[in-house]
Amino acid sequence: MKYSMKSLVALIVLSIIFTTLIYGQHVFIVVIDGVRYSETFGSEGQYIPYMWNTLRPQGSIYTSFRNDGYTATISGHTAIMTGTWEKLINDGSERPASPTLFEYLRKQKALPEASCFLVSRKSKLDALTHSTHREYGSTYKASFTYGRHSDLQTWKKLVEAMNEHHPRLVMVTFAETDLNGHAGQWKDYLSALRQADSLVNLLWEKIQTDSVYKNSTTMFVTTDHGRHDDEHGGFQNHGDSCEGCRHIWLLAIGPDIKPNTRVSKTTYQVDLTPTIGQILGLKLPTLLGRSLIYVKK
Ligand SMILES: [Zn+2]
Ligand SMILES: [Zn+2]
């Protein structure tokens, strides 16, 4: 009986290794646009019940995570995807100068365009599909798809991309939080956050029921920037160096991430690039950030 149990465990381990070797590791980066620390971990999960109660015990939360660059949408996403702080025009007309993770992955692993997806509610995020770097650029760009009308439409586009292409690296941005914030609608900002929280949970459930993604996928949930704290104008806008804009949050969950862990050491958006590079087995140049996988509490 003991022996057969061991064989069963060995078989399961072998099948996980086999699946991982065939399909490799996968990474999903979920950005809930423009949400402060105070409405997420800072309020003990009041507005993010799925992430707080269901996902947090399975992963690590980073409670001193920061945007130390430009606290706007394009620059925040760029910090996550390139590991650099770049001040870029925020209307999508300017691309990052440093290569994105999409480009490193496609070039180094010789993968097709459909291996990388950027899915967003905001069309301007097309600027993040590739950089202007001469050794990378549009040859190695990610596929772009967007849900013009709502976060739910964005979710549908994400599901389609997953079902049709099983991309290796996905960045998805839910933007209704930011749009409702700019409109000055506090209740709508919070209800968009609750909806995004439930979509994050649905995504993690979908990953667990997909044989390609199960056991080989890491999910990061974060934001591109916060919003002003009450001393600097309140939740409606963002873009300066106040604590409300800089102090953000990160949830990580996956095979290499410690479960039920709270990391209070200061960490940064630019740490995500080397972290994801490590998970995907990429060789990256020396970057500002450090992989979060070895960060001590
Ligand atoms: Zn934003
Ligand atoms: Zn601010």
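**A walk around strand E5**

Let's start at a strand pairing: Phe 117 has Val 170 of E5 as its bridge partner. This is a predicted model, where local features need pLDDT of at least 70, side-chain atom pairs count only at pLDDT 80 or more, and totals for chains, interfaces and linings use all residues. Residues are numbered from 1 along each chain as its sequence is written, with chains lettered from A and ligands numbered from 1 in the order in which they are written.

Helices (H or I, at least four residues) and strands (E, at least two) are DSSP runs, numbered from the N terminus. E3 and E5 run parallel, joined by five bridges; strands count as paired if DSSP finds at least two bridges between them. E5 also pairs with strand E1 (residues 26–32), again in the parallel sense, over six bridges, and there Ile 29 sits opposite Met 171.

In a regular strand, side chains alternate between the two faces of the sheet.

Now for helix H4 (residues 101–109): Leu 101 and Phe 102 are among its buried residues. The buried residues of H4 pack against E5, strand E3 (116–120), and helices H3 (73–82) and H9 (272–279). Just after H4, Ala 110 takes a positive phi of about 50°.

Conventions: Buried ≥ 20, exposed ≤ 12 C-beta atoms within 10 Å, placed from the backbone. Contact = placed C-beta atoms within 7 Å.
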